[in-house]
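Visitor: I am new to this structure. Could you show me how to read its features, step by step?

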Amino acid sequence: MKNIFADERLLSLGVVNGTTGRDFGSMRVFENQNAVFAKVGVNPAAMLRFHQVHGDRVVEINTDADFENAKNSLLNADAWLITRPATGAVILTADCVPFYIWDGEVKVVGLAHAGWRGVVAKLPQKMARLVKEKGGKDICAFLGPHIQDCCFEVKDDVVGNFLPSSVIRKDGKIFVDLRAEVRVQLLAEGLQQENIHTPCFCTCHNKDMFFSYRRDHTKDAIMSFVYKIN
Ligand SMILES: [Zn+2]
């Protein structure tokens, strides 16, 4: 039984979604991506990709023209915001945070590749603000499997980028809790605590379940995807 880690609330609202486990193979391989799309019943031609750059650029897909443009060019960006029906998008990660966000009626759904640089650049908060600007109410968020505070060790040179409340000092080492960092950003935008769901899986910890750049220095990646049916 291969694993796809999905948010059931989002699924029940008409957005097929998930993050693939390692058992699907590296998502750098297109054939492996297509095997996932076949399993969840999504047309691969509807799925958009971009060249991820650890920035905070958000690409909006509202119109047919937006879709065609994104389909025909490999944009440099890290986040999608989709209102167009029958549209999907993917991001690839190997420790970074797959960040999902949507409004209660799923008029808009967002998916971001948020590594620590994206988190520090407040990409999750930016996404929440954009969903609000589109009229989103009762906004929900979901964090897919990523490196957690048990394994995300940082050095003195970067720790100053994070909130003191997300930094854990233990045995002479420094760890950062990216979930806590994202939660603070989302609460600041007015999301309700109970609407922010975070997983219990650490990509670095669970070698049999996920690829991890930190652990293996691999280029292999897991894939997160959304597909908005209507
Ligand atoms: Zn861990």
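Predicted model: local features only at pLDDT ≥ 70, side-chain atom pairs only at ≥ 80, totals over all residues.

Guide: Gladly. The largest pocket has a volume of about 780 Å³.

Visitor: Which residues lie closest to the centre of the largest pocket?
Guide: They are R28, Q52, H54, L92 and H113, out of 31 residues that line the pocket.

Visitor: How do the lining residues divide into nonpolar, polar and charged?
Guide: The lining of the largest pocket has 15 nonpolar, 9 polar and 7 charged residues.

Visitor: Let us stay with β6. Is it mostly covered or uncovered?
Guide: Mostly covered: 7 of the 7 residues of β6 are buried. Check each face in turn. T87, A89, I91 and T93 sit on one side, G88, V90 and L92 on the other, and all are buried.

Visitor: How should I read the pairing of strands?
Guide: Here is the general idea. Strands of a sheet pair through backbone hydrogen bonds, in a parallel or an antiparallel way. Now the case of β6. Strand β3 (residues 47–48) runs parallel to β6, joined by 2 bridges. In that pair, L48 stands opposite A89. Strand β14 (residues 222–228) is antiparallel to β6, over 7 bridges. There, L92 has M223 as its bridge partner. L92 is also among the residues closest to the centre of the largest pocket.

Visitor: What is the strand order in the sheet of 6 strands?
Guide: The order is β4-β5-β8-β7-β9-β13, in an open sheet with mixed pairing. β4 (58–61) and β13 (196–197) are the edge strands; each has a single partner, so one side of each lacks a neighbour in the sheet. Inside the order, find strand β5 (residues 79–82) and β8: they run antiparallel, with 4 bridges. I82 of this pair stands opposite V109 in β8.

Visitor: And what is the order in the open sheet of 3 strands?
Guide: That order is β10-β12-β11, and the pairing is antiparallel. Again, read the edges. β10 (153–154) and β11 (167–170) each have a single partner strand, so one side of each is left without a neighbour in the sheet.

Visitor: How many bridges join β10 to β12, and how many join β11 to β12?
Guide: β10 and β12 (residues 173–176) share 2 bridges. β11 and β12 are joined by 4 bridges, and V167 has V176 as its bridge partner. β11 and β12 also form a hairpin, with 2 residues between them. D171 in that turn has a positive phi of about 55°.

Visitor: What should I make of a positive phi?
Guide: The general idea first. Most residues other than glycine have a negative phi. Now two more cases. V106 has a phi near 50°, and D138 has one near 55°.

Visitor: Where are V106 and D138 found?
Guide: V106 is in the loop between β7 (97–102) and β8 (109–114). D138 is in the loop between α5 (123–133) and β9 (140–143).

Visitor: Is V106 buried or exposed, and is D138 buried or exposed?
Guide: V106 is buried, at a relative accessible area of 6%. D138 is exposed, at 51%.

Visitor: Next, the metal. Which residues coordinate the zinc ion?
Guide: C150 (SG), C151 (SG), C202 (SG) and H205 (ND1) do, at 2.2 to 2.3 Å. Along the sequence, these donor residues follow the spacing C-C-x50-C-x2-H. One of them, C202, is buried, with 3% relative accessibility.

Visitor: Why is the arrangement around the zinc ion tetrahedral?
Guide: The general idea is an ideal. Four tetrahedral donors would have angles of 109.5 degrees. Around this zinc ion, the 4 donor atoms subtend angles of 91 to 131°. The arrangement counts as tetrahedral because all angles lie between 85 and 135 degrees.

Visitor: One last item. How far apart are V158 and N195 in sequence and in space?
Guide: They are 37 residues apart in sequence and 30 Å apart in space, C-alpha to C-alpha. V158 belongs to helix α6 (residues 156–159). V158 counts as buried, at 17% relative accessibility.

Note on methods:
Residues numbered from 1 in each chain as written. Heavy atoms only, no water. Pairing = 2+ DSSP bridges. Buried < 20%, exposed > 50% of the residue type's maximum accessible area, 1.4 Å probe, protein only. Donors = N, O, S within 2.8 Å, 3.2 Å for Na, K, Ca; no water. Tetrahedral: all angles 85-135°; square planar, octahedral: opposite > 155°, others 65-115°. 1 Å grid on protein atoms, 1.4 Å probe; cavity = no way out; pocket = protein on both sides within 12 Å on 5 of 7 lines; lining within 4 Å. Points joined across faces, edges and corners; volume = space filled by probe spheres on them. Nonpolar A, V, L, I, M, F, W, Y, C, P; charged D, E, K, R; others polar.
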